[in-house]
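Biologist: Before we go into details, I would like to learn how to read the packing, the charged pairs and the backbone angles of a model like this one. Could you take me through them one at a time?

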Amino acid sequence: MRGAIIGDIIGSTYEFRNSVNSKEFELFPYGSTFTDDTVLTIAVYDSLKNNIPLEKSFMKWIEKYPDRGYGGMFFKWILSRKKEPYGSKGNGSAMRVSSVGWLYDTEEEVLRESKRVSEITHNHIEGIETAQAVAMCIYLSRIKKSKEEIREYIESKFKYDLSKSVDEIREGYSRSELAIDTVPESIICFLDSDSFEDSIRNSISLNGDSDTLACITGSISEAYYGLDIELWERAKEYLPEDMMEVLGEN
């Protein structure tokens, strides 16, 4: 989950400006910050860890940090009196799901809980399954499955084509906030890497929805490679005390 936050902060300045199409870029340039990806990742974790209803946890953290780039449809959900799912195919459910992959210890639990925390907003099958795929990558990494075993599971279970390299994706990739255009690519950025940092550089180099690509990639890579302590120490400088407290960093 900390890997997701690192990725979000590193990607924060590269989504609409300072665009790159290579792996050579500054990791924490001026203006780096946490976005809605981190806020909602924390909200899901807080809900699961402290047994807070998910909607209540979302609103608690959104009220604390209202101006963090929430998507248009999600923002309407925030403002609505009757909070109902809106059939989203977006990548929001996948970027916030990482704690599920850490907190549950069977395939059945991970699939069930990632569906539950997704469908409060993202009840379209693509919104649910992409979140499940991310959570399962984390879970499989935690139980020491190889990259090839992870690739085979995801391709079989979710029918994603994970055969391309990052270089092949980069050639024709266009920015998209759709989950189906984000999650398989993020998984490949992990699979086609040799370290946590390398996976983050892969994701930013696609010049897409950078904070979310890096958030998802980082969430998986942390589980596989372990937490990059140096990058985490730098990322923590951008986090407020209440987030640090929930993470147990105080």
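**Reading the helices, pairs and turns**

Modeller: Let us begin with the buried residues of α3, which pack against α2, α4, α7 (107-119) and α15 (241-246); contact here means heavy atoms within 4.5 Å, and helices (H or I, at least four residues) are DSSP runs, numbered from the N terminus. This is a predicted model, in which local features need pLDDT of at least 70 and side-chain atom pairs count only at pLDDT 80 or more, while totals for chains, interfaces and linings use all residues. Residues are numbered from 1 along each chain as its sequence is written, and side-chain values use heavy atoms, with hydrogens and water left out.

Biologist: Which residues of α3 are buried?

Modeller: Buried means under 20% relative accessible area, exposed means over 50%, and partly exposed lies in between, with a 1.4 Å probe and protein chains only. In α3, Leu54, Ser57, Phe58, Met59, Trp61 and Ile62 are buried.

Biologist: At what angle do α3 and α4 pack, and how far apart are their axes?

Modeller: Two packed helices are described by the angle between their axes and the distance between the axes. Helix α3 (residues 54-64) and helix α4 (residues 72-79) pack at about 105°, and their axes are 11 Å apart; the axes are lines fitted to C-alpha atoms over the stretch in contact, and the angles run from 0 to 180 degrees between N-to-C directions. That angle makes α3 roughly perpendicular to α4, given that 65 to 115 degrees counts as roughly perpendicular, under 35 as roughly parallel, over 145 as roughly antiparallel and the rest as oblique. On the α3 side the contact is made by Glu55, Phe58, Met59 and Ile62, and on the α4 side by Phe74, Trp77 and Ile78. By residue class, this contact of α3 with α4 divides into six nonpolar, no polar and one charged, where Ala, Val, Leu, Ile, Met, Phe, Trp, Tyr, Cys and Pro count as nonpolar, Asp, Glu, Lys and Arg as charged, and the others, Gly among them, as polar.

Biologist: What span should helix α2 have, and how far apart are its end C-alpha atoms?

Modeller: The expected span of a helix is 1.5 Å times one less than its number of residues. For the 15 residues of helix α2 (residues 36-50) this should be 21 Å, which agrees with end C-alpha atoms that are 20 Å apart. Helix α2 is also mostly covered, with 13 of its 15 residues buried.

Biologist: How many salt bridges does a search of the whole structure find?

Modeller: Side chains of opposite charge can pair when their charged atoms come close. A salt bridge is a side-chain nitrogen of Lys or Arg within 4 Å of a carboxyl oxygen of Asp or Glu, and the search of the whole structure finds 17 of them. One of these joins Arg175 to Glu15, with the closest N and O atoms 2.2 Å apart. This pair links distant parts of the chain, 160 residues apart, since Arg175 is in the loop between α10 (166-172) and α11 (183-191) and Glu15 in the loop between α1 (2-11) and α2. Arg175 is partly exposed at a relative accessible area of 33%, whereas Glu15 is buried at 14%.

Biologist: Where do the partners lie in the salt bridge of Lys60 and Asp46?

Modeller: Their side chains meet at 2.8 Å, N to O. Lys60 lies in helix α3 and Asp46 in helix α2, so the pair ties together parts that are 14 residues apart in sequence. Lys60 is partly exposed, with a relative accessible area of 34%, while Asp46 is buried at 2%.

Biologist: And how should I read a pair within one helix?

Modeller: An α-helix has 3.6 residues a turn, so residues three or four places apart point the same way. Lys236 and Glu233 both lie in helix α14 (residues 229-236), three residues apart, about one turn of the helix, and they form a salt bridge whose closest N and O atoms are 3.1 Å apart. Both residues belong to a network of salt bridges that links Arg2, Glu233, Lys236 and Glu249.

Biologist: Which loop holds Lys144?

Modeller: Lys144 is found in the loop between α8 (125-142) and α9 (147-158). Its phi is near 70°, a positive value in a residue other than glycine, and Lys144 is exposed, with a relative accessible area of 68%. Asn207, in the loop between α12 (196-205) and α13 (210-225), has a positive phi of about 55° although it is not a glycine.

Conventions: Helices (H or I, at least four residues) and strands (E, at least two) are DSSP runs, numbered from the N terminus.
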